[in-house]
Amino acid sequence: MWEVRKRPASLAVARRRMKEAGCAGSGSDGLYKAGGAPSCSAFGPRLAMALRGIRVVELAGLAPGPFCGMILADFGAEVVRVDRPGSMGDVSFLSRGKRSLALDLKRPTGAAVLRRMCARADVLLEPFRCGVMEKLQLGPETLLKDNSKLIYARLSGFGQSGSFSKVAGHDINYLALSGVLSKIGKSGENPYPPLNLLADFGGGGLMCTLGIMLALFERTRSGQGQVIDSNMVEGTAYLSSFLWKTQHTWLWEQPRGQNLLDGGAPFYTTYRTADGEFMAVGAVEPQFYQLLVQGLGLKSDELPDQLSIADWPDMKKKFADVFAKKTKAEWCQIFDGTDACVTPVLTIEEALHHSHNRERASFIMDEEQRASPRPAPQLSRTPAIPSVKRDFFIGEHTEEVLREFGFSQEEINQLHAEKIIESKKLRANL
């Protein structure tokens, strides 16, 4: 069990999440959404989500931090995001399941409010460059002195030390410094980033989530919090451990884009179909490769050996010519249900409605009819309950959150008067 102080608000928050989710389940259209029938009987397990009772204070930032906070919220944590007064909102659109407190941290009184909140929190998630929190008098030494059980998670681009620790960067820069970017790209062309997913969300947000979970687990033994130095460069490098461990093997002997797993092999790449769509081929093992060849209508004894690297360019051209003769739907009909490791390259919309994803209810639909991936992985006893409510307004929950953290109404009114906090909650016009 998590070592968490008992809080009366926890059960209320869990019930609120139940109401928001509407006893969420899988509907007839295969989407995990509000109003689904199967899940209301699981009321008990849903109130016991894996992170129920964990209080997280997330300081507003760009995508990696909000993603980390959303994962924690999806699995039951009470996540309060501290936003800057007057800000436009969450540009990352990763606010699901969170509440918003608008607080001016640049003013000493605002910093004092956050310090008081962290004294009652389990996790602080901060996404700033090295030294910013210390300037605000909110560094780890200060906050851990107030609350020795606090997990102080620092998510940055380059880490809390080193010559790059205080400079700006984005996913492509972190990817470059990790060494991974040098391996991504077509033969003879410049390296290119795979969107901003690998460093920002994989090496950054997801690795930070792992660090928080490890620290929470360790706290059940020691009773102590700790500081997490999570950064995109080292997180991405760690994700690429397989690449590092195999870099001196035959897997990477050829230049970029000409190897087995980087698009160089004719049996591990994508091909254009007759209708301008694409199929993905990953037939690495010999038995799967044979099924690929059969599905293409070719004969193995008329082709070079599968691993004859010198023949790969000609084989890719031959395979491309064959794939170009049929539509994506026709190739799906040929390869579906086989072990040829050939699948359609789906658009976002197609992925939403693909039969496999519908059968597993792999996507959720919020109350504004916007789809997104269901939280993963699935837990059998304590599944995630992603909120389906609209995203919050900045400062929508300011007063509510402060009251939960022990602030009196008189204190809240004074903070309003000094413009330290901002409240945007909609009020009825009487």
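I count a residue as buried when its relative accessible area is under 20%. The model I am reading is a predicted one.

**Entry 1: helix 7**

I looked up helix 7, which spans residues 171–178. Which residues of helix 7 are buried? I found Asp171, Tyr174, Leu175 and Ser178. These residues cover an arc of only 100° around the axis, so they lie on the same side of helix 7. I then checked what covers them, and noted that the cover includes helix 8 (197–222), helix 9 (232–239) and helix 10 (241–246). Just after helix 7 I came to glycine 179, which takes a positive phi of about 95°.

**Entry 2: serine 165**

Is serine 165 buried or exposed? Its relative accessibility is 9%, so I put serine 165 down as buried, the limit being under 20%. A polar atom of the side chain of serine 165 lies 2.9 Å from the backbone oxygen of glycine 162. Leaving aside residues up to four places away in sequence, I listed Cys130, Phe158, Gly159 and Gln160 as what serine 165 touches.

**Entry 3: aromatic rings**

I looked up the aromatic pairs and noted 9 in the structure. Planes count as stacked when they are under 30 degrees apart. Tyrosine 271 belongs to strand 9 (residues 268–272) and phenylalanine 323 to helix 12 (residues 312–323), so this pair ties together parts that are 52 residues apart in sequence. I found both tyrosine 271 and phenylalanine 323 buried.

How are the rings of phenylalanine 323 and tryptophan 331 set? Their centres lie 4.9 Å apart and their planes are at 55°, so I wrote this pair down as tilted. Phenylalanine 323 has 0% relative accessibility and therefore counts as buried. Tryptophan 331 has 1% and therefore counts as buried too. I noted that one aromatic cluster is formed by Tyr271, Phe319, Phe323, Trp331 and Phe335.

**Entry 4: charges over rings**

I stayed with tryptophan 331 and looked for a charge over its ring. The charged end of lysine 326 sits over the ring of tryptophan 331, 5.2 Å from its centre. Elsewhere I noted arginine 116, whose charged end sits over the ring of phenylalanine 407, 3.8 Å from its centre.

Terms used
Residues are numbered from 1 along each chain as its sequence is written. This is a predicted model: local features need pLDDT of at least 70, side-chain atom pairs count only at pLDDT 80 or more; totals for chains, interfaces and linings use all residues. Side-chain values use heavy atoms; hydrogens and water are left out. Buried means under 20% relative accessible area, exposed over 50%, partly exposed in between (1.4 Å probe, protein chains only). Helices (H or I, at least four residues) and strands (E, at least two) are DSSP runs, numbered from the N terminus. The arc is that of the directions from the helix axis to the C-beta atoms. Contact means heavy atoms within 4.5 Å. A polar contact is a pair of N or O atoms within 3.5 Å; within protein, one must be able to donate a hydrogen and the other to accept it, and residues adjacent in sequence count only if both atoms are side-chain atoms. Rings of Phe, Tyr and Trp (its six-membered ring) pair if their centres lie within 6.5 Å; planes under 30 degrees apart count as stacked, over 60 as edge-to-face and the rest as tilted. A charge sits over a ring if NZ of Lys or CZ of Arg is within 6 Å of the ring centre and within 35 degrees of the ring normal.
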